[in-house]
Amino acid sequence: MNTAVLNPNDAEAQPWYATSFGTAMVLIIAGLIGLGATLVLTYERIQLWMDPDYLTSCDFSVWVSCGTVMQSWQAALFGFPNQFIGIIGFAVVITIGMAIVGGARFANWWWHATSIGLGLAMVFCLWLWIQAVYVINTLCLYCMVIWAVTIPAAVLIFARNVARDLIKVTPRTKMIITTAVWPAIILLYVVIAASIMLRFGEAMF
């Protein structure tokens, strides 16, 4: 990693999310929202440890209950609460974003590692979505907030690496990827929302 002042000229011919400021905002905003939701879940998890009968702040019904989800095996896939992964992951994301605002520049391998990390986080979120909707049969409100910020962060940072030629593709592929970013994010949102409505809509309303 080396440091330099944010370069206003790096916005030229780049999508907004591929500029230094745009990338920093993606990481900081996603990180802050995700960390906030993760900290709330951590607090709720601690309360459940102390009192198994504790009702979490999003125990709205049998269909929306953070308590039910957090007591499932999927909520501790690696032997400890998933929230611990979120605290570390979102803290790192925020730190990277703040470092960029402060003028930091990272090596290409760092951006590849960041994209891979966010990609794995998105895959994990999509797995948790499937588990919540079709296996646990209960939704976690704060978990959905985490899904909602992880997906665009992962997609945008991947597209950022493509736009900056860190990932070598043909010009046509590059154009398709950089212009299809928001349609891809919206499509994922629509698929998740549709699955929730189809699974829980009648019961919830």
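The model is predicted: local features need pLDDT of at least 70, side-chain atom pairs count only at pLDDT 80 or more, and totals for chains, interfaces and linings use all residues. Residues are numbered from 1 along each chain as its sequence is written, and side-chain values use heavy atoms, with hydrogens and water left out.

**Overall fold**

- The chain holds seven helices and two strands. Helices (H or I, at least four residues) and strands (E, at least two) are DSSP runs, numbered from the N terminus.
- In sequence order, the pattern reads β-α-α-α-β-α-α-α-α.
- The C-alpha trace spans about 55 × 35 × 25 Å along its principal axes.
- Of the 205 residues in the chain, 44% are buried. Buried means under 20% relative accessible area, exposed means over 50%, and partly exposed lies in between (1.4 Å probe, protein chains only).

**The nonpolar surface patch**

- H1 provides the largest share, three residues.
- Ile46 counts as partly exposed because its relative accessible area is 36%.
- Leu77 has 34% relative accessibility, so it counts as partly exposed.
- From Leu77 to Ala148 there are 71 residues in sequence and 20 Å in space, C-alpha to C-alpha.

**How H1 meets H3**

- The axes of H1 and H3 come within 7 Å and cross at roughly 155 degrees. H1 is therefore roughly antiparallel to H3.
- Axes are lines fitted to C-alpha atoms, for helices over the stretch in contact, and angles run from 0 to 180 degrees between N-to-C directions. Angles under 35 degrees count as roughly parallel, over 145 as roughly antiparallel, 65 to 115 as roughly perpendicular, and the rest as oblique.
- The crossing of H1 past H3 is left-handed. A crossing is left-handed if the near helix is turned anticlockwise from the far one by less than a right angle, and right-handed if clockwise.

**The salt bridge**

- The count comes to one salt bridge. The term means a side-chain nitrogen of Lys or Arg within 4 Å of a carboxyl oxygen of Asp or Glu.
- The partners are Asp165 and Lys174, with their closest N and O atoms 3.1 Å apart.
- Asp165 is found in the loop between H5 and helix H6 (171–179). Asp165 is partly exposed because its relative accessibility is 37%.
- Lys174 is partly exposed too, at 24% relative accessibility.

**Positive phi angles**

- Asn137 has a positive phi of about 60 degrees, although Asn137 is not a glycine.
- Asn137 lies in the loop between helix H4 (108–136) and helix H5 (141–163). Its relative accessible area is 26%, so Asn137 is partly exposed.

- Trp129 lies in helix H4. Trp129 counts as buried because its relative accessible area is 12%.
- Trp129 and Cys143 stand 14 residues apart in sequence, and their C-alpha atoms are 8.8 Å apart in space.
- Ala30 is part of helix H1. At 9% relative accessibility, Ala30 is buried.
- Ala30 and Glu202 are 172 residues apart along the chain, and 32 Å separates their C-alpha atoms.
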